[in-house]
Amino acid sequence: MDKELAKRKDLSLDRQVVSLNEVHLDQCMRLNDIALNGLWSKSQWEYELKSDYRHCLGVSEQESLIAISCGWIVANQLDITAVAVDPRYRRLGLGSKILCALINHAKSKGATNATLEVNEENIDGINFYRSLGFLQVGYRKNYYKDLSSAILFSLYIDQ
């Protein structure tokens, strides 16, 4: 790893994870566009950030959101709705940091299981979730608006 990349990794991992709300809408939209290829609409982000039942976490650098994870807890299950890292900050540990923070939050609220969907063509995402212990438990054909399919993953959260 070159010196610049090592420096960016150190700086990225030192960043604080904070709760997001509606004041972060524009930053979420920017990250949605560059990291999730515009997966969600503005109204979907507004709902995610304003709902009392949803929880979104973020990591910023110089007033710019560089990583997010969102989800909601139903009974004892965390449904992870979004995980994104700015492409310039990938492979620096931020994805693990932000997702583990969301899982730990859910664990503190009594969640014992986490689930998520990932596009079957997103090999990096699939490998990332597997590296964290997620197991494939299902498949959803034509799940996304472009008719691509999703792999359903689940993780047991050890209490």
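These legends describe close-up views of a predicted model.

Residues are numbered from 1 along each chain as its sequence is written, and side-chain values use heavy atoms, without hydrogens or water. Because the model is predicted, local features need pLDDT of at least 70 and side-chain atom pairs count only at pLDDT 80 or more, while totals for chains, interfaces and linings use all residues.

**View 1. The open sheet of seven strands.** The strand order is β1-β2-β3-β4-β5-β7-β6, with mixed pairing. β1 (17–19) and β6 (135–140) are the edge strands, each pairing on one side only. On average, neighbouring strands of this sheet are turned by 30° against each other, direction ignored. Strands (E, at least two residues) and helices (H or I, at least four) are DSSP runs numbered from the N terminus. Two strands pair if DSSP finds at least two bridges between them. Axes are lines fitted to C-alpha atoms, for helices over the stretch in contact, and angles run from 0 to 180 degrees between N-to-C directions.

**View 2. Strands β2 and β3.** β2 (residues 54–61) and β3 (residues 64–74) run antiparallel and are joined by eight bridges. The bridge partner of E61 is S64 in β3.

**View 3. Strand β7 and its partners.** β5 and β7 pair in the antiparallel sense over seven bridges; V118 has I151 in β7 as its bridge partner. R140 stands opposite A150 in β7. Six of the seven residues of β7 are buried, where buried means under 20% relative accessible area, exposed over 50%, and partly exposed in between (1.4 Å probe, protein chains only). Helix α5 lies across β4, β5, β6 and β7 (150–156), at about 165° to β5.

**View 4. N32 and Q27 in helix α2.** Both N32 and Q27 lie in α2. N32 counts as buried because its relative accessibility is 0%. Leaving aside neighbours within four places in sequence, N32 is in contact (heavy atoms within 4.5 Å) with N37, G38, L39, W40 and W45. Q27 is partly exposed, with a relative accessible area of 24%. With the neighbours within four places again left aside, the contacts of Q27 are S60, E63, S64 and L65. Q27 and E63 are 36 residues apart in sequence and 9.1 Å apart in space, C-alpha to C-alpha.

**View 5. Two loop residues with positive phi.** Most residues other than glycine have a negative phi. N37, in the loop between α2 and α3, has a positive phi of about 55° although it is not a glycine. R91, in the loop between β4 and α4, has a positive phi of about 65° and is not a glycine either. N37 is exposed at a relative accessible area of 71%, and R91 is exposed at 70%.

**View 6. The largest pocket.** Its volume is about 1,400 Å³, a volume being the space filled by probe spheres set on grid points, which are joined across faces, edges and corners. On a 1 Å grid over the protein atoms alone, a pocket is an open set of points where a 1.4 Å probe fits, with protein on both sides within 12 Å along at least five of seven lines; lining residues have an atom within 4 Å of a point. The lining holds 41 residues, and L36, V83, V118, N122 and Y129 lie nearest the centre of the pocket. β4 gives the most to the lining, with seven residues.
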